[in-house]
Amino acid sequence: MCSGKLQTALLVASYFVYLLVGAAVFQALERTAEKQEKMAAAQMKEAFLQNFTQLTVAEMEQFMKNLIEAIQNGVYPVGNESQFEESNWDFSNSFFFAGTVVSTIGYGTLHPKTAGGQIFCVFFALFGIPLNIVFLHRVGKMLSLLCTKLGKFLYEKGMRKKKIKFLTLLFFLATGILVFLCLPSVFFQITEGWSYSEGIYFAFITLSTIGFGDYVVGKQSDRKYFSYYRVLVAIWILFGLAWIALLFNLLTTVLEDTEKIIVKDLQQIGKVSKDNVGSQQRRCWPVQFIPEEELLPPHAGGDAQKMESLTADSEHTKNEKKVFYNNKTIVITCEN
């Protein structure tokens, strides 16, 4: 038990140290290049404001291309100079980016632009993604252990196993939806100015690693965010991924079990219908073609009196018809 806790502690510590080191490296490699891009964007904006009435069509198109390129690189030339000094590669943003890399979300709004940053990103993801999988697996085990303890507690109280399974499943779903979807959406509604439905949308798209990039936290230039806001969001993402991975596994199991039940029922229905068709076809067969074991009762033995009584009963319950076919008389028996 102690060794398991020690392994969990070492894994969690190693995981977060890995993210911290990655964030520091990304910040060191990308921050200088970002400053140069922001200075170029500020100069482009100033030149446009001074000469926009005298620009030709070709110069205007070139300005639009430069503007689009700057936005794609994460530089938004809006506001005053103080907003240009805010970096997309400070430690908080770098840590958030490192978390999105190892979790494979990949919003696409922030990415390394230098050759060194891109090469480092490849190796960081190469080792970070397997580490993230191991981390999520361990966190998932911890969540499952909580449900198991709850089930044992309810079993000691005298509840049935089916009811315990239903209650633990309900507890897992309700707690996860509340902690990882509902409450964070309220937080995003206050911090980002989104509607509650947009917060729910962002939370699910992020935790399911779809990551469209249409909604990203901490990217609105007209809002003031507290320090390490994106670090907090990154931690929420990492633990939320473990919960939603368990949820997807649970839904997969339910669908597979449902499929097995449906297939089994269909096979049973097909078998019953096939037996019914066969029995109906044998009802009016000629006696000569009915196997002797089917004519005998199930428990026929050496009791002659029982055989005689059964024969007498069968004569009352069956009608015999004689058919002349191919110079032979064939007796056909039909049940009433």
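Among contacts in the chain between residues at least 6 apart in sequence, what percentage join residues at least 24 apart? After that, please show me the largest nonpolar core and the residues with the most contacts inside it.

Guide: Welcome! This is a predicted model, in which local features need pLDDT of at least 70 and side-chain atom pairs count only at pLDDT 80 or more, while totals for chains, interfaces and linings use all residues. Residues are numbered from 1 along each chain as its sequence is written, and side-chain values use heavy atoms, with hydrogens and water left out.

Now to your number. It is 67%: that share of the contacts between residues at least 6 apart in sequence links residues at least 24 apart. Contact here means heavy atoms within 4.5 Å.

For orientation, the chain contains 10 helices and two strands. These are DSSP runs numbered from the N terminus, where a helix (H or I) has at least four residues and a strand (E) at least two. Starting at the N terminus, the order is α-α-α-α-α-α-α-α-α-α-β-β. Of the 336 residues, 29% count as buried. Buried means under 20% relative accessible area, exposed means over 50%, and partly exposed is in between, using a 1.4 Å probe and protein chains only.

Let us step into the core. A nonpolar core is a set of buried Ala, Val, Leu, Ile, Met, Phe, Trp, Tyr and Cys residues joined through side-chain atoms within 4.5 Å. The largest one has 47 residues, and Leu 19 and Trp 236 have the most contacts inside it. Two or more residues come from each of H1, helix H4 (91-102), H5, H6, H7 and helix H8 (229-282). H8 gives the largest share, 13 residues.

Leaving out residues up to four places away in sequence, Leu 19 touches Phe 95, Ala 98, Gly 99, Val 102, Phe 124 and Leu 238. Ala 98 and Val 102 of H4, as well as Phe 124 of H5, also take part in the packing of those two helices. The axes of H4 and H5 are 8 Å apart, at an angle of about 65°. The axes are lines fitted to C-alpha atoms, for helices over the stretch in contact, and angles run from 0 to 180 degrees between N-to-C directions. H4 and H5 are therefore roughly perpendicular; the classes are roughly parallel under 35 degrees, roughly antiparallel over 145, roughly perpendicular from 65 to 115, and oblique for the rest. On the H4 side, the contact uses Phe 97, Ala 98, Val 101 and Val 102; on the H5 side, Cys 121, Phe 124, Ala 125, Gly 128, Ile 129 and Asn 132. By class, eight of these residues are nonpolar, two polar and none charged. Here Ala, Val, Leu, Ile, Met, Phe, Trp, Tyr, Cys and Pro are nonpolar, Asp, Glu, Lys and Arg are charged, and the others, Gly among them, are polar.

Ala 203 lies in H7 and is buried, at 0% relative accessible area. Ser 185 is 18 residues from Ala 203 in sequence and 6.9 Å away in space, C-alpha to C-alpha.

Helix H6 (residues 161-192) and helix H7 (residues 196-207) pack at about 125°, with axes 8 Å apart. That angle makes H6 oblique to H7, and H6 passes H7 in a right-handed crossing. H6 contributes Phe 180, Leu 181, Cys 182, Ser 185, Val 186, Phe 188 and Gln 189, while H7 contributes Tyr 196, Gly 199, Ile 200, Phe 202, Ala 203, Phe 204 and Leu 207. Of the residues in this contact, 11 are nonpolar, three polar and none charged.

For contrast, look at Phe 127, which lies in helix H5 (residues 115-156). Phe 127 counts as exposed, at 56% relative accessibility.

How values were computed:
Left-handed = near helix turned anticlockwise from the far one by under 90°.
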